[in-house]
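Please look over the structure below. The report that follows covers confidence, strands, charged pairs and rings.

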Amino acid sequence: MMNLKTTWRAALAGLVALAVSATGLPLAGADSGADILAPAAPSRKLTISQTTVKVGEKVAISGTGCNDAVVLISIGEWDKAGYWDAARFVDAKATKWSIAWTPTAKNLGTSKVRVRCSVYWGEGFDYDVAKVTVVKALTATPTPKVKGTAQVGRKLTADAGTWKPAKVTLKYQWLRGGTAIKGATKKTYTLTAKDKGKKISVKVTGSKSGFAGQSKTSKATSKVKAGTLTAKPTPKISGTAKVGKKLTAVAGKWKPATVTLGYQWYRNGAKIKKATKSTYKVAAADKGKRLTVKVTGKKAGYASVTKTSKKTAKVA
C-alpha cells in the first residue's frame, strides 16, 4: 500500500512545480523530489494581524520572499482538517507578500502558521513559525445600560443584559469622561466629588472558554450634578443672652459624613465682625439686641447649605 505521506508529497511537488513554472524560474530537482531552498535572511519575520481570531473573521498574514524561491504559507498540520483551506503558494519573484485568511469551524483551536522556503512540507526549513488561535464568537453581546441618577453621592448600576451562550463571565469597568476610574470594577458605582460635571459610562467585558472575548460600552450619562446634603439641621443657640456670657451654636449632625461647618453670628440681623466660631462671648454692644447664628455646611462635590437659628431673647 502506498504511503500516505509519500503520496501527499508527490501531489504537493506537482502543485509547486506548476506554481514555479508560471514564474519562468527553473524547477531544480523536480524529478528527484529535491526542495527549492533559499538562505533565510536573519531579518525575515512573519507578521500576523492578530493571534486570536473568531471564526469568519479575516486575518492578514504577511512576510518577505525567499530569494527567488517559492514561498509556502501553511496553517495547521497537513493531515488535519482545514489545512488545505489555508495553504498558500506565493510567486517566487515576490520580495514581500501578504495573504488574507478567513478561518472556518474546521480551524478551531490553536494552529501553527509556517512560512517555508521549500517545495515539500516534510523537508527544507521554516524561516518563521507563529501561532494563531481560532475561537467561536459569542452569540449575544448586548450594549449595557447605566441605571440611576447622575448626582454626586448617588449609586449607579450597570445593566449588562443577557449574554449568550449561557454562563458568560462578565467584568465591569466604570469610565469618567471615557477614562477608566481606578478601582471602579463592580456592577455598581457610587458617584464621588471627582465625577461632578463629568459624564459616566460603563464598559462590560464578556469572556467564556473557547470563545472570543467581547467588550461593550454603554452610552454616557448626562453631566453629574452636585450632590445634596441629606441632613442639614437648623442650629440652636445654647446659653444665656447676657453681656459677658458665652453662647454656643449647636449645629446638629449633618450628613453624609465629614461635612465642614462654618459659623457666623449676627446682631439684629447684621453680621458681627470676626464672630465666626461655634461660640460667642456676648459684648456690651449686644445689650438690648437679639442674636442669631448661621451655620454653613460644605462638602466637596455637594451644594453648600446655610441654616439660621432662631433669635435669642433681648440681651440683658
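A residue is called buried under 20% relative accessible area, exposed over 50% and partly exposed in between, with a 1.4 Å probe and protein chains only. By that rule Asp 286 is buried, because its relative accessible area is 0%.

**Basis and confidence**

This is a predicted model: local features need pLDDT of at least 70, side-chain atom pairs count only at pLDDT 80 or more, and totals for chains, interfaces and linings use all residues. Residues are numbered from 1 along each chain as its sequence is written, and side-chain values use heavy atoms, with hydrogens and water left out.

pLDDT is the predictor's confidence in each residue, from 0 to 100. The protein chain has a mean pLDDT of 83. In this chain, 78% of the residues reach 70 or more. Residues 1-42 fall below 50. That stretch still has 68 contacts in the model beyond near neighbours in sequence; contact means heavy atoms within 4.5 Å. Where pLDDT is low, the predicted coordinates should not be read in detail.

**Salt bridges**

A salt bridge is a side-chain nitrogen of Lys or Arg within 4 Å of a carboxyl oxygen of Asp or Glu. The count comes to 3. Side chains of opposite charge can pair when their charged atoms come close.

| Salt bridge | N to O distance |
|---|---|
| Asp 159 and Lys 147 | 3.3 Å |
| Asp 195 and Arg 176 | 2.6 Å |
| Arg 267 and Asp 286 | 2.4 Å |

Strands here are DSSP runs (E, at least two residues), numbered from the N terminus. Asp 159 lies in strand S10 and Lys 147 in strand S9, so this pair ties together parts 12 residues apart in sequence. Asp 159 is partly exposed at 31% relative accessible area. Lys 147 is partly exposed at 48%.

Asp 195 lies in the loop between S13 and strand S14 (200-207), and Arg 176 in strand S11 (residues 169-176), so the pair joins parts 19 residues apart. Asp 195 is buried, with a relative accessible area of 0%. Arg 176 is partly exposed at 22%.

Arg 267 lies in strand S18 and Asp 286 in the loop between S20 and strand S21 (291-298), so this pair ties together parts 19 residues apart in sequence. Arg 267 is partly exposed at 24%.

Two strands pair if DSSP finds at least two bridges between them. An open sheet of 3 strands runs in the order S9-S10-S13, with antiparallel pairing. Its edge strands are S9 (145-147) and S13 (188-190), each pairing on one side only. Neighbouring strands are turned by 25° against each other on average, direction ignored. S10 (residues 155-159) pairs with S13 over 3 bridges. Thr 157 has Thr 188 in S13 as its bridge partner.

**Strand S4**

In strand S4 (residues 71-75), 5 of 5 residues are buried. Val 71, Ile 73 and Ile 75 point one way, and Leu 72 and Ser 74 the other. S4 pairs antiparallel with strand S5 (residues 88-90) over 3 bridges. It also pairs antiparallel with strand S7 (residues 109-116) over 4 bridges. Leu 72 has Phe 89 in S5 as a bridge partner, and Leu 72 stands opposite Arg 116 in S7.

Strand S17 (residues 246-250) has a covered face of Leu 247 and Ala 249. Its uncovered face holds Lys 246, Thr 248 and Val 250. S17 and S20 run antiparallel, joined by 3 bridges. Tyr 280 in S20 is the bridge partner of Leu 247.

Which residue does Tyr 280 stack with? Rings of Phe, Tyr and Trp (its six-membered ring) pair if their centres lie within 6.5 Å; planes under 30 degrees apart count as stacked, over 60 as edge-to-face and the rest as tilted. The count comes to 2 aromatic pairs. Trp 265 and Tyr 280 have ring centres 5.6 Å apart and planes at 25°, so the pair is stacked. Trp 265 sits in S18 (residues 260-267) and Tyr 280 in S20 (residues 279-281), 15 residues apart. Trp 265 is buried at 0% relative accessible area. Tyr 280 is buried at 10%.

Key
Axes fitted to C-alpha atoms, helices over the stretch in contact; angles between N-to-C directions.
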